[in-house]
Amino acid sequence: MANTRRAACRALGALALCSSIGALALTTPGAYAQDKQITLGFAQVGAESAWRTANTESVKSAAADAKIKLKFSDAQQKQENQIKAIRSYIAQKVDVIAFSPVVESGWEPVLREAKAAKIPVILTDRNIDVKDTSLYVTMIGSDFMEEGRRGGHWLADHYKNDQGPINIAELQGTVGSAPANDRHSGLIEVIKSDPKFKIIASQSGDFTLAGGKQVMEAFIKTYGNKINVVYAHNDDMALGAIQAMEEAGMHPGKDITVVSFDATKGGFQAMAAGKMNVDVECSPLLGPQLMSAVKDVVAGKPLPKRILTEETVFPMSVAAQTLPTRKY
Ligand code: GYE
């Protein structure tokens with residue numbers, strides 16, 4: 001109600017007058033129209049990881065709490081499916097479109113269509129690479145570069161008294177996705193000045209457990225015990241890699257240092273069991289922030305271009321005690 005009144009007042013351009021005509025503004029046909037239930041079209045990446053499952057749940061439950069009508073689609077990690085979903089939301093004339101872009105590039109055409117239809121677009125979780133930033137209202141999510149740097153700083157500290165070489169095998173996330181690009185670049189930024197760190201292998205496991213396991217099996221075949229560190233872009237791939245190492249008779253967390261991202265319950269369980277050394281947090285619980293942004297956009301309130309998530313780093317030593325408090 002308050003939002004509706006404020007929006008109506010802004011349209012009138014007479015704030016001083018508005019407090020006195022508030023009651024009147026609420027009964028005008030224009031203001032009534034803005035009181036209708038908001039419809040949000042959300043194009044999700046897929047269901048590739050525990051992170052994603054928690055993110056989907058967060059979006060669905062926050063929409064229900066905010067009484068926002070949610071149209072939800074799962075793109076099965078394919079950009080073409082997300083583009084189709086966005087086009088269908090445009091055709092259905094939803095009030096707001098939100099999506100978590102599977103990859104960074106290739107979004108201009110469909111976002112121009114949304115803009116032409118005057119449907120505001122909110123990005124969540126992953127960023128995109130567009131010149132015209134007016135194609136979206138705001139981006140809500142983590143700073144993946146910073147996460148990569150945090151992983152790198154943890155490694156630099158862990159090996160500070162070691163001459164090296166420290167051979168890193170990297171399990172990358174989905175090719176072309178923001179978290180894969182930035183978790184890689186953040187690491188490089190930190191370790192590039194120290195030649196003892198070497199990335200000896202780097203391949204995508206597409207953020208899945210099966211992908212992580214398969215790529216790690218291939219790494220073990222080629223590099224065997226030359227590998228000192230597994231740097232996995234998410235917990236699911238790290239868990240898959242841990243399985244591969246154990247099947248090969250190795251001791252993850254001891255013979256091979258395991259660095260991972262997300263800080264899901266699965267990651268915490270692996271740390272508590274001594275099989276993962278550090279988990280860099282990335283929160284999927286973006287639903288409440290998204291719904292409040294959706295309401296603000298509909299009410300005509302300005303939003304910051306970037307809404308950052310607050311996160312930390314969990315080393316193995318705190319896992320057992322922190323595990324019971326993890327929400328995803
Ligand atoms: O790290 C991974 C998921 O975009 C931050 O996507 C997200 C990533 C997350 O599949 O587990």
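The legends below describe close-up views of a predicted model. Local features need pLDDT of at least 70 and side-chain atom pairs count only at pLDDT 80 or more, while totals for chains, interfaces and linings use all residues. Residues are numbered from 1 along each chain as its sequence is written, and side-chain values use heavy atoms, with hydrogens and water left out.

**View 1. Residues around the ligand.** The ligand is surrounded by 13 residues (a heavy atom within 4 Å). The closest are E48, D125, R126, N234 and D262. By type, the shell holds 5 nonpolar, 2 polar and 6 charged residues, where Asp, Glu, Lys and Arg count as charged. Domain 1 (37-142 + 284-310) and domain 2 (144-282) each supply at least three shell residues; the bounds come from an automatic or database domain assignment.

**View 2. Polar side chains at the ligand.** A polar side-chain atom of N234 lies 2.8 Å from a ligand oxygen. For S49, a side-chain N or O atom is 3.0 Å from an oxygen atom of the ligand. R52 also has a side-chain N or O atom 3.0 Å from a ligand oxygen. The protein covers 100% of the 300 Å² of accessible area that the ligand has on its own (Shrake-Rupley method, 1.4 Å probe).

**View 3. The cis peptide bond at P165.** The bond from G164 to P165 is cis, with omega near 0 degrees. P165 is in the loop between helix 7 (144-158) and strand 6 (166-172); helices (H or I, at least four residues) and strands (E, at least two) are DSSP runs.

**View 4. Backbone at Q77.** Q77 has a positive phi, near 60 degrees. Most residues other than glycine have a negative phi. Q77 is in the loop between strand 2 (69-74) and helix 5 (79-91).

Notes. Polar contact = N/O pair within 3.5 Å; in protein donor to acceptor, adjacent residues only side chain to side chain.
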